[in-house]
Amino acid sequence: MNARGRRGFTLIELLVVLLIMGALLTLAPIAFQRLVPGMELKAAAREVAAVFREARGLAIRGNRETSVIVDTEARSYRLAAADRSSQLDSGLGVELTTAVSERIGESAGRIRFFPDGTSTGGRVTLTRGERKYFILVDWLSGRVRILDNAS
């Protein structure tokens, strides 16, 4: 049979392709599991930062002081004006750095935002393993930023 008359693939070629696809499908979940914790940590950092930004916006719009309370032991945070609290994943480590005057008990504290947009400032650190995200609140501008330990 000449090259023109030959069409399709041989059985060996199909088996090789199936073996490669099987190996990739076996390795894909392992690679994905390594990415998921990092994505969960980043999502948690974004959620906490969004609450801080919301508090700043409420303080400016409402012309009144607003605060976000963070409880490191309970792994929770809440906008003081809201009745509900948000829970972080139990696998996350949570640290709060804020002024001594803003501490509430042993494991909780707050960051306050003022009507002029300034704040008491502080930092929330979320960790999972070696990975860390820092939610920074600037005291002078009230600006909220997220940094990771790779930055």
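Buried means under 20% relative accessible area, exposed means over 50%, and partly exposed is what falls in between (1.4 Å probe, protein chains only). With that rule, I looked up aspartate 89 and found it partly exposed, at a relative accessible area of 39%.

A note on what I am reading: this is a predicted model, where local features need pLDDT of at least 70 and side-chain atom pairs count only at pLDDT 80 or more, while totals for chains, interfaces and linings use all residues. Residues are numbered from 1 along each chain as its sequence is written, and side-chain values use heavy atoms, with hydrogens and water left out.

**Salt bridges.** I took a salt bridge as a side-chain nitrogen of Lys or Arg within 4 Å of a carboxyl oxygen of Asp or Glu. That rule gives 6 of them. Aspartate 89 pairs with arginine 128, with the closest N and O atoms 2.5 Å apart. The two sit 39 residues apart, aspartate 89 in the loop between strand 3 and strand 4 and arginine 128 in strand 7. Helices (H or I, at least four residues) and strands (E, at least two) are DSSP runs, numbered from the N terminus. Arginine 128 is partly exposed too, at 21%.

Next I checked arginine 131 and aspartate 148, whose side chains form a salt bridge at 3.1 Å, N to O. Arginine 131 is in strand 8 and aspartate 148 in strand 9 (residues 144–148), so the pair ties together parts 17 residues apart in sequence. Aspartate 148 is buried at 16%, while arginine 131 is partly exposed at 32%.

Arginine 110 and glutamate 102 also meet in a salt bridge, 2.8 Å from N to O. Glutamate 102 is buried at 2%; arginine 110 is partly exposed at 27%.

I traced an open sheet of 5 strands in the order 3-2-1-6-5, paired antiparallel. Pairing here takes at least two DSSP bridges between two strands. Strand 3 (86–87) and strand 5 (103–104) are the edges, each pairing on one side only. Strand 5 is joined to strand 6 (residues 108–113) by 2 bridges, and arginine 103 stands opposite glycine 109 in strand 6.

**Core.** I counted a nonpolar core as buried Ala, Val, Leu, Ile, Met, Phe, Trp, Tyr and Cys residues joined through side-chain atoms within 4.5 Å. The largest has 25 residues, and Phe52, Leu126 and Ile135 have the most contacts inside it. Helix 1 gives the most, with 9 residues.
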